[in-house]
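These are my notebook entries on what I looked up in one structure.

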Amino acid sequence: TGHVRVLEWLTLDEARPLAMSETAPQRISVYSGAGYSVGEQVPAGTRGSQDGLFAPSTEVRASRFGSAPPGEGDGDESGSEIWADEPAEGFEADPEFEDPEDPEDDDTVYLTDAHREWEKIHLRRLAMKIHRLVTAELDRSEEALFMIFTDFDANLDGRVKGKEAKKLLAAIKQYAPDSLADSSPVKDGVISFVSLLKWFGGHTGTDHKETTYSFSATALLTGVLGSGTVQCDSRIQGLDWLSLRKNVLGYRRLFHQVKELKEDRVILKLQEQESRDGLMDTLPQYYRILANEFEGDMEHLFELFSEVDESNNMLLESSEVETLLHLLDTSATDDDVRRYLSEINLADGPLAFASLVDWWDQARNVSNSLVAEKGAALVASIKAKSYSNKISGMLYDSAVQKRWSQANKTGTLEALRDAYCRTLKEVREYLSERDLRKAEQDCATL
């Protein structure tokens, strides 16, 4: 799978001592050091964007400047070796001034747990936002089912077990009589919301269980007000610090699981259509479900990506990336292209589409990237080209459609279909990670 690899940029003051020491700049992947864990491995292809990637990391700064960056504190303003941790020649370290304590350890910094009250405010906000992200993936009936599920999820960790599971099954019998006769959402004594969704909607999500008028009324109310307003927000407000952290972890995991289930269902529907109509007639539908995820400049980027993807595998080799960059920035010089390539960093392998989107989003927002330096003129020219392509697409085949015809002639339709399905998952995962990170940042605003 694809993965973005971006060169970590340095300011001029930081570059000088680096050049003097002839140390190669450190390349850092967008997806490395993400600090995100939901109890299961996230595929390496897309693990979300890393904010401030072009700013020097703590590790890089420490390795070059010791305990403080150049220009700060007493001493040489040029950032000389005065900041090194090692004592200067002729001096010995004084044990009295040594600091063995870890400032990142809460137990070292704080004498009480009073700071957790502030963290609880952040966690409550974050829990509510993640709840909204989950419900945005659900239809009205599924959100009503989610509200029923959370009613029996006593600690709101995303799983119902033990006595809670028995009570939930009793409620399901009330809302959907005789629905448990043939199958049950219980697995190993636990009911997860995803297993409940699979049981309620079947493999494709369209075979909903027959429910009572009471459930229909609940679904209507939930659709109008939202399950958060109806129930969950007030319960989140009552959780303690540890329960809030469990809720964030549990429902973040649930969010990814729901997204994966939705992807699997839509692909399954297309596979059924493909078995009836054939792959060539169904391939536009595979593209359409991918295009439904596009935001901002993604449609134009995908058109350019498809234009240069000679292998039809949705992975670009370095020569193809160079061609794409010339199409993206028609005024780019050879030096510009080399700089773009150093930002993207292809040392780890071919470039996936989600990785291109990740680089583009970062490059537009990081002040010392080449895209940002070229500014609004470059972005405006790209948007103008995108608009022009849309107009010409009404009259002629787009680059995407030409790839379908080429794949049909070369017998690579199945490979292109599989590449579309992989790209769908990578793009959705990238957008999910981006939304989760943005939620955390928004919730940190005082």
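Predicted model: local features only at pLDDT ≥ 70, side-chain atom pairs only at ≥ 80, totals over all residues.

Entry 1: I located Trp 118 in helix α4, residues 116–135. I then noted that Trp 118 forms a nonpolar patch on the surface with Ile 121 and Leu 446. Together these residues have about 420 Å² of accessible area.

**Entry 2: the cores.** I noted the general rule that nonpolar side chains tend to be buried together in soluble globular proteins. Which residues touch the most other members of the largest nonpolar core? I found Phe 302, Leu 325, Tyr 340, Phe 353, Leu 356, Trp 359 and Tyr 420, out of 50 residues in that core. Helix α19, residues 413–443, supplies the largest share of this core, with 9 residues. I also found another core lying apart from it, with 44 residues that include Leu 133, Leu 180, Ile 191 and Leu 196.

**Entry 3: contacts of Phe 302.** Leaving out residues up to four places away in sequence, I listed Tyr 287, Leu 290, Phe 294, Met 314, Phe 353, Val 400 and Tyr 420 as touching Phe 302.

**Entry 4: helix α15.** I checked the length of α15, residues 353–365. Its 13 residues should span 18 Å at 1.5 Å a residue, and its end C-alpha atoms are 19 Å apart, which agrees. Is α15 mostly covered or mostly exposed? I recorded it as mostly covered, because buried means under 20% relative accessible area and 10 of its 13 residues are buried. Among them are Phe 353, Leu 356, Asp 358, Trp 359 and Gln 362.

Notes: Residues numbered from 1 in each chain as written. Heavy atoms only, no water. Core = buried A, V, L, I, M, F, W, Y, C linked by side-chain atoms within 4.5 Å. Buried < 20%, exposed > 50% of the residue type's maximum accessible area, 1.4 Å probe, protein only. Helix = DSSP H or I, 4+ residues; strand = E, 2+ residues; numbered from the N terminus. Contact = heavy atoms within 4.5 Å. Expected span 1.5 Å × (residues − 1). Patch = residues over 30% accessible without salt bridge, like charges linked within 9 Å, V, L, I, M, F, W, Y side chains within 5 Å. Areas by Shrake-Rupley, 256 points an atom, 1.4 Å probe, with all protein chains shown as cover. Salt bridge = Lys/Arg side-chain N within 4 Å of Asp/Glu carboxyl O.
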